[in-house]
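Have the structure open as you read.

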Amino acid sequence: MNYFILFNLPEIFNLKKKKIKQKFYTLQKKYHPDFHINTKNHEKYIKKSIEINKGYKTLINPLKRIEHLLSLNINYNLYNKKNKCDNEIIKFQFNLYEKFEYYKKKNNHTMLKNFLDKINKLENSLFNKIEKNIKKKNWEKSIFLLKYIKFINTFQIFVKKNI
């Protein structure tokens with residue numbers, strides 16, 4: 001299912017959350033099963049509403065949106081397999097964990113906050129890079145960047161829990 005088509009949105013990464021929400025509410029007003037309870041096609045409306053909810057959860061989440069874009073254009077599961085680029089990502093992960101442990105041992109909240117701010121800026125930078133690569137249809141580079149973003153996302157949660 002192409003959720004961009006379902007929501008009548010362009011197949012691009014950079015979508016406004018407000019626009020996605022507007023499309024979601026418009027579709028649910030039209031297809032929500034509660035509005036069609038006494039019709040013969042009630043089951044059809046239930047299925048359509050479920051599809052709309054799945055589409056919303058995919059498009060509203062930038063990581064899921066990237067994966068959806070990739071899956072529409074390539075065999076994402078095949079490309080997503082472990083490759084030589086993963087060694088670079090592993091080094092990057094170790095480096096971040098080492099820095100975090102260093103700042104944590106110093107017990108300096110300002111340093112930790114600055115570190116987290118840098119991570120947030122890096123994540124934004126990677127989102128910008130992935131958007132450019134998706135526009136260029138550079139799928140391998142997009143997958144590589146997505147792996148970084150996924151790690152950063154997980155790492156941010158870890159840091160926040162351990163500050």
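Start with lysine 137, which sits in the loop between H7 and H8. This is a predicted model, and lysine 137 has a positive phi of about 60° although it is not a glycine. Most residues other than glycine have a negative phi. Is lysine 137 buried or exposed? With 54% relative accessibility, lysine 137 counts as exposed.

Confidence is lowest in helix H5 (residues 76–79), with a mean of 68, and highest in helix H1 (residues 3–6), at 98.

Now for the rings. How many aromatic pairs does the structure hold? There are 17 of them.

| Aromatic pair | Centre to centre | Angle between planes |
|---|---|---|
| Phenylalanine 24 and tyrosine 25 | 5.3 Å | 65° |
| Phenylalanine 92 and phenylalanine 151 | 6.0 Å | 75° |

The second pair is a handy one to follow. Phenylalanine 92 lies in helix H6 (residues 85–106) and phenylalanine 151 in helix H8 (residues 139–161), so their pair ties together parts that are 59 residues apart in sequence. Both partners are tucked away: phenylalanine 92 is buried with a relative accessible area of 17%, and phenylalanine 151 is buried at 8%. Back in the other pair, phenylalanine 24 is buried as well, at 12%.

Phe92 and Phe151 also belong to a cluster linked by ring pairs. Other members include Tyr97, Phe100, Tyr102 and Tyr103, along with Phe115, Phe144 and Tyr148. Phe155 and Phe158 are in the cluster as well.

Rings meet charges here, too. Lysine 48 lies over the face of tyrosine 31, at 5.2 Å from the ring centre. Arginine 65 does likewise with phenylalanine 13, at 5.3 Å from the ring centre.

That arginine deserves a stop of its own. Arginine 65 is found in helix H4 (residues 62–73), and at 4% relative accessibility it counts as buried, the cut-off being under 20%. What does the side chain of arginine 65 reach at 2.6 Å? It reaches the backbone oxygen of phenylalanine 13, the residue whose ring face arginine 65 lies over. A polar atom of the arginine 65 side chain also lies 2.6 Å from the backbone oxygen of leucine 59.

In sequence, arginine 65 and phenylalanine 13 are 52 residues apart, yet their C-alpha atoms are 6.8 Å apart in space. Leaving out residues up to four places away in sequence, arginine 65 touches several others, among them Phe4, Ile12, Leu15 and Ile20. Its contacts also include Thr58, Leu59 and Ile60.

How values were computed. Residues are numbered from 1 along each chain as its sequence is written. This is a predicted model: local features need pLDDT of at least 70, side-chain atom pairs count only at pLDDT 80 or more; totals for chains, interfaces and linings use all residues. Side-chain values use heavy atoms; hydrogens and water are left out. Rings of Phe, Tyr and Trp (its six-membered ring) pair if their centres lie within 6.5 Å; planes under 30 degrees apart count as stacked, over 60 as edge-to-face and the rest as tilted. Buried means under 20% relative accessible area, exposed over 50%, partly exposed in between (1.4 Å probe, protein chains only). Helices (H or I, at least four residues) and strands (E, at least two) are DSSP runs, numbered from the N terminus. A charge sits over a ring if NZ of Lys or CZ of Arg is within 6 Å of the ring centre and within 35 degrees of the ring normal. Contact means heavy atoms within 4.5 Å. A polar contact is a pair of N or O atoms within 3.5 Å; within protein, one must be able to donate a hydrogen and the other to accept it, and residues adjacent in sequence count only if both atoms are side-chain atoms. pLDDT is the predictor's confidence in each residue, from 0 to 100.
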